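Trainee: I have a structure open and I'd like to learn how to read it. Could you walk me through some features?

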Amino acid sequence: MGMFDRLKEGLSRSRQALNEVFYMGGEVDEDFWEDLEDRLVMGDMGAEVAMQVTDDLREQAARDGLTTAPKLREALVARLSREFATAERDPFDDTPSCVLFVGINGAGKTTTCGKLAGKAKDAGKVCILGAADTFRAAAIEQLEVWGERSDTQVITRERGVDPASVCYEVIQQAEKDSADLVLIDTAGRLHTSPELMRELAKVVKVTRKRANMPVSVVLVIDATTGQNGLNQAKEFNDALELDGIIVTKLDGTAKGGIAVAISHDLNLPIYRIGVGEGLDDLQTFDATSFSRALVGEE
Ligand SMILES: Nc1nc2c(ncn2[C@@H]2O[C@H](COP(=O)(O)OP(=O)(O)OP(=O)(O)O)[C@@H](O)[C@H]2O)c(=O)[nH]1
């Protein structure tokens, strides 16, 4: 299956929810516009984006005489893709690079690190995985499994040690091995705990100070958390000044629009998206492809 088909399959639930609006029986009337706005809100795009996108599209439809479903779809795809912040640099392709993964429990940080290590290996890059999640022994083991799977070195320390000291060691090893890509998994935490967020800020600070390569802080967000994901993103961004986000589990939700809301509201680029559990289900984000998969084609 091609990349776009995988993306389309992953976003099928979100698309279904939006799609019905286009069966409007050939008439673009007041109900159509209301329905469109409602569905964009229900897909978790956020009220502000939904209203702005609907208003703009309505204006364009009147100006350019867009009256058929295919034309309106195309215009919606183009309009939605402009909502996403663009990345100046891709921290996984533009190496050498060090990335710290942050996010709440179960968002998909470890899985995403593993998938990215596999892709780096395929691209012929030297990658090192760092297990700075020292809270849970199972988390360290899980990263080790991904390390074996992708034939990538994993730097670990025993449970309970200061995660900042693990990062220090990871960077040291990366220098020794002239690594291209350093991926550091941190412990999942609640964005509502100031103490845990302060600890994470220290991890980021130590890594930035010690590393001799650009360090990016990337938030991994589970799309199924909907609007709550937006709140998480705001808290993490306030505490850590994020560089960008990765949205996972877009395959399990009808609320794929949350990706639009987060990128727009926080002005943060989406580096990758997860549309399934397999290695190939982590895709480089492309605003037009994403919008097309979300809106659907004729
Ligand atoms: N369907 C689907 N499942 C995913 C995706 N990404 C991750 N998962 C699953 O989500 C679950 C949690 O993923 P983890 O990688 O363990 O999450 P984590 O953020 O490291 O969790 P903590 O270690 O508790 O902080 C696993 O069962 C993954 O297989 C995705 O894009 N789609």
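Trainee: How far apart are the end C-alpha atoms of residues 96-296?

Mentor: They lie 37 Å apart, and the span is 45% helix and 21% strand. Helices (H or I, at least four residues) and strands (E, at least two) are DSSP runs, numbered from the N terminus. You're looking at a predicted model, where local features need pLDDT of at least 70, side-chain atom pairs count only at pLDDT 80 or more, and totals for chains, interfaces and linings use all residues. Residues are numbered from 1 along each chain as its sequence is written.

Trainee: Which feature does UniProt place at residues 96-296?

Mentor: The UniProt record, an unreviewed entry, has "domain: SRP54-type proteins GTP-binding" there. It also lists "domain: AAA+ ATPase" at residues 95-252, again from an unreviewed entry. UniProt positions are given in the numbering used here, feature names are shortened, and annotations may be inferred rather than shown by experiment.

Trainee: And the ligand: how many residues surround it?

Mentor: There are 21, and the closest are Gly108, Thr110, Thr111, Gly188 and Gly274. A residue counts as near if its C-beta atom, placed from the backbone, lies within 6 Å of the molecule. Helix 6 (residues 109-122) gives the largest share of this shell, three residues.

Trainee: What does the shell look like by class?

Mentor: Four residues are nonpolar, eleven polar and six charged. Here Ala, Val, Leu, Ile, Met, Phe, Trp, Tyr, Cys and Pro count as nonpolar, Asp, Glu, Lys and Arg as charged, and the others, Gly among them, as polar.

Trainee: Is helix 11 mostly covered or mostly exposed?

Mentor: Helix 11 (residues 258-266) is mostly covered, with seven of its nine residues buried. Among them are Ile258, Val260 and His264. Their cover includes helix 4, helix 10, strand 5 (215-222) and strand 7 (270-274).

Trainee: How do I read backbone angles?

Mentor: Most residues other than glycine have a negative phi, and most peptide bonds are trans. So look out for exceptions. Asp151 isn't a glycine, yet its phi is positive, about 55°. Asp151 sits in the loop between helix 7 (137-149) and strand 3 (153-155), and it counts as exposed because it has 10 C-beta neighbours inside 10 Å. Ser178 also has a positive phi, about 45°, and is exposed, with 8 other C-beta atoms within 10 Å.

Trainee: Where is Pro96 found?

Mentor: Pro96 is in the loop between helix 5 and strand 1 (97-102). The peptide bond from Thr95 to Pro96 is cis, with omega near 5°.

Notes: A residue is buried if 20 or more other C-beta atoms lie within 10 Å of its own, exposed if 12 or fewer, and partly exposed in between; C-beta atoms are placed from the backbone. Two residues are in contact if their C-beta atoms, placed from the backbone, lie within 7 Å.
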